[in-house]
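Thank you for letting me speak today. I would like to walk through one structure slowly, so please have the picture ready as we go.

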Amino acid sequence: MPDHAAIYDELDVPTVVNAAGTKTRIGGSLIRPEAADAMRAAADSFARISDLQSRASDLIADATGAEAGYVASGAAATMTLAAAAAIAGDDLGAMARLPDTEGLADEIVMPRTHRTGYDHALRAAGATVVDVGTNDRHLGTGSRNVEPWEIADAVGEETAAVGYVQKEYTEPPLATVADVAHDHDVPVIVDAAAELPPVSNLERFIEAGADMVVFSGGKAVRGPQSTGILAGREEYVRSAAAQHLDMHAHEDAYVPPEDLVDVDDLGGVPRQGIGRGLKVGKEELVGIIRALELFLEEDQAAKQEEWTARAMRVAEGLDGASGVITEITGDDAVSVAPEVVVAVDPDEAGITATELARELRQERPRVFVGADGIDAGRVAVNPMCLTDEEADYAVERMLSYLDE
């Protein structure tokens, strides 16, 4: 059995062998030791949060090619700030009223096939999501789900932004959507929370025309799980900052970093904004700065080789087991790492994929395998958050439920 942190034993909380990947429900990823050390050091003294945000902004801008950047308490939090920035802009009154959007353009146009439960983060700012397109592609007729003209047709006086969820299968292409949005003078907000690695994706979406793009800080970057990264145009990042930072200050004594908040330009100090509950501490800010620096330096080819070797190790371990067929996903898969997809034949295996996933999760330590495909009789083993020892343990536990 793999060695786990004693702190969870002290708390009498089961640990998890994470064969599912960077899932929030089981803690995202393991924070980089150097980032954790930096957080501990940051806890020993004070720093002004806006100064740390300014430092983070410079790093995010350099990494993404965007004009500016910002950090909030997760990718969903930065989505809410992005929507708030698109709706309120630099209007102090609008900032103070959100999520009440009466009299404001508050619609975010989204292709219907981009809608997910995560767009609640947009609606939390007061946005109304307007669906466009169909599901026709899945009928096999040859037609596409969303045509660019449908997005253009939906944009009007009440439109604040166009929303886009980045996956390799989403359409139309982001550059096409950005052209349509910009023709109508509205920004594009891209949810790319899980689209790292590769490192090149940090710049990819800005280059394609995104005005605001969101990444998770707690997945492949391996920063604090409670961080999300917003990169984009300066005007929107400044609006996000004005709606997020602690603004309980006297105007004459308030001198924040001008790259984030210019009180003179705004016409005064904003009230506490809709982002106030999405704050991050000095420790998280220092942690994500250090983690992002390290992510940029990481040898991504070596990391992919490590994940591929571990996936092969898992597949070989399951080879020959009753009622299962394994396949290692390739570059066309949704996941950023190769996964071992395990098809379970309940007649031969003596257990269904659903039962296997459920039983593994009830063990101590709990073993989490990917369960997105259980309706189709499949589980998956993702190597990103496993050591070789943990991978062997996951295989051992899976085999224990299969008929010999």
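Let me begin with a pair of charged residues, R397 and E363, whose side chains meet in a salt bridge with a distance of 2.8 Å from N to O. Please keep in mind that this is a predicted model. The pair links distant parts of the chain, since R397 sits in helix α16, residues 388-399, while E363 belongs to the loop between α15 (353-361) and β11 (366-369), 34 residues apart from its partner. E363 is buried, because its relative accessible area is 12%, and buried here means under 20%.

In general, side chains of opposite charge can pair when their charged atoms come close. In one of them, the side chains of R32 and E298 meet at 3.0 Å, N to O. R32 lies in the loop between β1 (16-19) and α2 (33-42), and E298 in the loop between α12 (282-297) and α13 (300-318), so this pair ties together parts that are 266 residues apart in sequence. Is R32 buried or exposed? With a relative accessibility of 5%, R32 counts as buried.

The other salt bridge joins R112 to D131, with the closest N and O atoms 3.7 Å apart. Here R112 is in the loop between β3 (107-111) and α6 (120-123), and D131 is in strand β4, residues 128-132. R112 is partly exposed at 40% relative accessible area, and D131 is also partly exposed, at 31%.

How many cavities of 30 Å³ or more does a search of the whole structure find? The search finds 2, and the largest cavity has a volume of about 60 Å³. Its lining includes M79, H114, Y118, Y164 and D191.

Y236, in helix α10 (residues 234-242), counts as buried at 9% relative accessibility. Leaving aside its neighbours within four places in sequence, Y236 is in contact with A85, A86, P187, D211 and M212. Y8, by contrast, is found in helix α1, residues 6-10, and is partly exposed, with a relative accessible area of 40%. Together with I7, L11 and V13, Y8 makes a nonpolar surface patch of about 370 Å².

Conventions. Residues are numbered from 1 along each chain as its sequence is written. This is a predicted model: local features need pLDDT of at least 70, side-chain atom pairs count only at pLDDT 80 or more; totals for chains, interfaces and linings use all residues. Side-chain values use heavy atoms; hydrogens and water are left out. Helices (H or I, at least four residues) and strands (E, at least two) are DSSP runs, numbered from the N terminus. Buried means under 20% relative accessible area, exposed over 50%, partly exposed in between (1.4 Å probe, protein chains only). Contact means heavy atoms within 4.5 Å. Patches are made of residues with over 30% relative accessible area and no salt bridge: like charges are joined within 9 Å, nonpolar side chains (Val, Leu, Ile, Met, Phe, Trp, Tyr) within 5 Å. Accessible areas come from the Shrake-Rupley method with a 1.4 Å probe; for residues, only the protein chains shown count as cover. A salt bridge is a side-chain nitrogen of Lys or Arg within 4 Å of a carboxyl oxygen of Asp or Glu. On a 1 Å grid over the protein atoms alone, a cavity is a set of points where a 1.4 Å probe fits but cannot get out, and a pocket is an open set with protein on both sides within 12 Å along at least five of seven lines; lining residues have an atom within 4 Å of a point. Grid points are joined across faces, edges and corners, and a volume is the space filled by probe spheres set on the points.
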